[in-house]
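Here is a short briefing on one protein chain. Please look over the sequence and the fold before reading the points below.

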Amino acid sequence: MAEETEAMPDGRELARRMRAYLPEGFDVSPVERAYDLAERAHAGQLRLSGEPYLVHPVAVAEILVGLQLDVESVTAALLHDVVEDTPVTLAELEAAFGAEVAALVDGVTKLSQIKFRSTEEEQAGNLRKMLLAMARDIRVILIKLADRLHNMRTLRYLPPSRQRAIAHETLEIFAPLAHRLGISQIKSELEDLAFRTLEPEVYAWLKERVADRRQEREAYLAEAVALLKAELARAGVEAEVDGRRKNFYSIYTKMQRGKEFEEIYDLLAVRVLVHTVRECYGALGVVHSMWRPLPGRVKDYIAMPKPNLYQSLHTTVVGPHGRPFEIQIRTWEMHRTAEYGIAAHWLYKERARPEALDEKLAWLRQVLDWQHDMKDAREFMESLRVDLFSDQVFVFTPKGAVIDLPAGSTPVDFAYRIHTDIGHHAVGAKANGRIVPLNSRLQNGDIVEIMVNPKSAGPSPDWLEFVRTSGARGKIRQFLRNQNRAQKLEEGRAALEREARRLGLEPGRVLTPEALLAAGRRFRFESVEELLLAVAAGGISPGQLLPRPEPAPPPEVGREGRGSRPSGGAAAVRVDGVDNPLVRFARCCQPVPGDEIVGYVTRGRGVTIHRRDCANAVALRSDQARLMPVTWGAQAPGLPVELAVLGTDRPGLLAGVAQACSDLRINIYSAQAHSEPDGRAVVELVVEVRHLGELSRLEDRLERLPDVYSVVRRTRRDRRRNGQRARS
């Protein structure tokens with residue numbers, strides 16, 4: 001890891017270093033002027049280390065010069081704190097250095113104000129801002145990464161709690177971003193600095209283990225390098241061959257996955273740099289003719305580049321003395337990209353062709369596309385970790401095109417990456433010529449073919465359980481929303497029509513578009529569609545939208561065997577020709593207001609109220625003298641009704657039933673559930689309802705629960721029949 005041991009360069013020195021990689025005659029004077037302005041603006045300001053504040057912006061500029069960035073980036077790096085920490089304004093910067101530099105400084109200033117150590121919702125919002133800043137100008141994030149790197153190098157001057165918080169943020173946000181942008185230089189150093197802060201004891205132990213046999217490993221690498229150089233020269237391959245050191249955090253993560261220290265083969269690594277792609281494969285042949293490759297350890301990232309632009313051939317071989325080590329083979333241009341990533345492509349020669357850079361940032365456009373409408377912060381963060389920061393697999397289409405996907409992706413993810421319609425109508429998949437399940441995990445090198453049926457109903461909701469990419473998940477959800485909309489509109493209208501008929505109203509008269517719109521506006525719905533969708537979802541009951549008489553205070557009325565006279569007010573049930581009658585409700589059929597009813601005079605017990613279609617009431621009709629015409633009164637009491645909810649046996653079914661009742665504010669007298677031998681479940685409950693419309697709403701809500709296929713209103717005869725069936 002780098003430490004500040006050299007004297008701080010001034011503006012002239014930075015400009016001199018830039019002239020070494022910029023074209024002849026390129027104007028670097030803005031860098032010198034920016035240094036002078038930063039020196040004046042930060043005069044008298046000190047860092048916590050006691051050093052002049054100017055040390056920081058110069059160090060950030062120096063890192064960018066090491067990445068060989070352009071004049072505007074280095075100029076903005078020198079000035080990136082002056083607007084926030086000094087009286088200098090953005091307008092003054094624009095007048096002195098131009099709009100491009102001012103925009104870069106403004107972007108970095110806004111990113112500096114983002115704090116990631118917050119709630120998940122705030123983190124999601126902050127990451128969105130960072131992604132948008134990257135999309136506008138990738139150099140903003142390059143300056144921010146350099147800024148973070150220098151701050152991590154000087155982290156020791158902060159209090160321990162702040163050190164750990166910043167190290168966590170670095171490891172979770174900035175190191176993965178550097179990796180996704182392909183800047184291995186910055187990524188590796190950020191990881192090791194954060195690792196040293198968060199796990200100081202583990203870091204010290206690992207550093208000691210690496211140092212223990214350092215001389216032995218270096219001697220071994222020197223021997224392997226000499227042998228390989230000689231063999232490549234004999235084969236006519238001009239190459240530079242040297243050793244490389246693996247960073248500590250990378251070793252630590254491999255050990256976290258269960259590997260022993262001695263099993264990490266790329267702890268010893270040799271890098272071969274050649275001029276052409278043909279020479280890469282030629283060098284690979286030479287290597288394998290010298291030493292036996294380990295099975296499954298040859299990787300071709302030239303044919304299948306990583307999303308962060310990385311290209312190289314990797315192979316692990318059993319080298320001299322039977323010790324395995326890794327060899328990486330790449331061209332000089334690939335090496336530049338591996339070290340500098342996206343920064344290697346911000347070159348003066350591409351400034352006239354911005355589309356070249358856009359192609360290399362296609363992944364960022366994709367991320368922004370699917371994030372645009374994602375509202376849930378938890379889902380955003382998880383999707384970002386998967387699509388932006390996860391490992392990748394590379395698979396082929398039948399025509400040989402390479403598709404990169406997050407590790408763990410399925411044929412469904414592949415189908416949606418090819419085309420939305422292919423995803424919607426996928427009915428099967430083949431991997432390497434063999435039929436595989438749609439939820440199977442794809443492996444590197446698989447040749448994937450999707451079987452499509454244009455007449456299929458579309459994606460299954462079950463796919464959401466296993467798809468890996470946010471693009472696939474978003475498209476599936478969008479399809480299901482659009483499909484369900486028409487169905488829900490019909491359900492909402494049907495519920496209103498059913499309620500109207502039960503209230504004795506004519507649906508065609510009370511459910512006109514004008515009447516529905518007027519009713520909906522009372523509840524702040526702006527359209528009939530919004531209203532119908534709310535009714536279907538249970539957010540508003542049909543009874544709230546339909547005309548009905550004003551309610552009166554409820555009387556106290558009991559069931560048969562435990563009833564009482566009304567204590568006052570309008571009667572719950574009116575009996576023709578009888579004032580203030582003693583009224584009881586039959587348990588056999590459990591009538592509720594809205595049911596068609598008949599009365600039957602019971603000696604010594606007053607009038608018993610039955611539903612008109614009750615089997616007992618039908619049997620009693622032969623005794624016409626004891627039948628009484630009855631009607632419901634103006635106000636109905638809350639009365640118990642027994643329901644049976646039939647569905648597939650699963651955990652949480654009873655809880656879902658109880659929640660549905662709670663959502664509709666319906667009281668539950670009792671509830672119990674049991675399983676049938678055929679895998680069905682039955683939930684039996686007794687609820688209190690005030691009218692048939694309320695019961696209808698409850699039935700509708702229960703029928704929409706997952707795995708529920710029927711809701712039955714029960715009578716005493718039903719219970720007796722079920723008991724007999726159970727005993728038999």
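Rings of Phe, Tyr and Trp (its six-membered ring) count as a pair if their centres lie within 6.5 Å; planes under 30 degrees apart are stacked, over 60 edge-to-face, and the rest tilted. By that rule, the whole structure holds 6 aromatic pairs. The model is predicted.

**Aromatic pairs**

- Trp-291 and Phe-325 have ring centres 5.5 Å apart and planes at 70°, so this pair is edge-to-face.
- The pair links distant parts of the chain, 34 residues apart. Trp-291 sits in the loop between α15 (277–290) and β3 (292–293), and Phe-325 lies in strand β6 (residues 324–331).
- Trp-291 is buried at 9% relative accessibility. Phe-325 is buried too, at 1%.
- Tyr-301 and Tyr-310 also pair edge-to-face, with 6.0 Å from centre to centre and 70° between the planes.
- Tyr-301 counts as buried at 13% relative accessibility. For Tyr-310 the value is 13%, and it is buried.
- Phe-195, Tyr-203, Phe-248 and Tyr-249 form a cluster linked by ring pairs.

**Overall architecture**

- The protein chain has 29 helices and 21 strands.
- Of its 728 residues, 50% count as buried.
- The accessible surface comes to about 36100 Å², and carbon and sulfur atoms hold 50% of that.
- Among contacts with a separation of 6 or more, 65% join residues 24 or more positions apart.

**Nonpolar cores**

- The largest nonpolar core has 61 residues. Met-18, Leu-79 and Ile-186 touch the most other members.
- Helix α9 (residues 138–153) gives this core its largest share, 9 residues.
- A second, separate core has 33 residues, including Ile-609, Val-645, Ala-660 and Leu-692.
- Beyond four places in sequence, Leu-79 touches Ala-34, Leu-37, Ala-38, Leu-93, Phe-97, Val-101 and Val-105.

**Helix α2**

- Helix α2 (residues 29–41) has 13 residues. At 1.5 Å a residue it should span 18 Å, and its end C-alpha atoms are 18 Å apart, which agrees.
- Buried in α2 are Pro-30, Val-31, Ala-34, Tyr-35, Leu-37, Ala-38 and Ala-41.
- An α-helix has 3.6 residues a turn, so residues three or four places apart point the same way.
- The buried residues of α2 pack against α1 (11–19), α3 (55–66), α4 (71–79), α5 (82–85) and α6 (90–97).

- Lys-187 belongs to helix α11 (residues 184–198). Is Lys-187 buried or exposed? At 18% relative accessibility, Lys-187 is buried, because buried means under 20%.
- Beyond four places in sequence, Lys-187 touches Ala-175, Ala-178 and His-179.
- Thr-608 is part of strand β15 (residues 606–611). Thr-608 is buried, with a relative accessible area of 3%.
- Thr-608 and Phe-585 are 23 residues apart along the chain, with C-alpha atoms separated by 5.5 Å.

- How many disulfides does a search of the whole structure find? It finds 0.
- A disulfide is a covalent bond between the sulfur atoms of two cysteines. The cut-off used here is 2.5 Å between the sulfurs.
- The sulfur of Cys-588 is 3.6 Å from its closest cysteine sulfur, in Cys-614, so it is too far for a bond. Cys-588 is buried, at 10% relative accessible area.
- Cys-589 also has Cys-614 as its closest cysteine sulfur, and at 3.7 Å this is too far for a bond. Cys-589 is buried at 2% relative accessibility.

Key. Residues are numbered from 1 along each chain as its sequence is written. This is a predicted model: local features need pLDDT of at least 70, side-chain atom pairs count only at pLDDT 80 or more; totals for chains, interfaces and linings use all residues. Side-chain values use heavy atoms; hydrogens and water are left out. A nonpolar core is a set of buried Ala, Val, Leu, Ile, Met, Phe, Trp, Tyr and Cys residues joined through side-chain atoms within 4.5 Å. Buried means under 20% relative accessible area, exposed over 50%, partly exposed in between (1.4 Å probe, protein chains only). Helices (H or I, at least four residues) and strands (E, at least two) are DSSP runs, numbered from the N terminus. Contact means heavy atoms within 4.5 Å. Accessible areas come from the Shrake-Rupley method with a 1.4 Å probe; for residues, only the protein chains shown count as cover. The expected span of a helix is 1.5 Å times one less than its number of residues.
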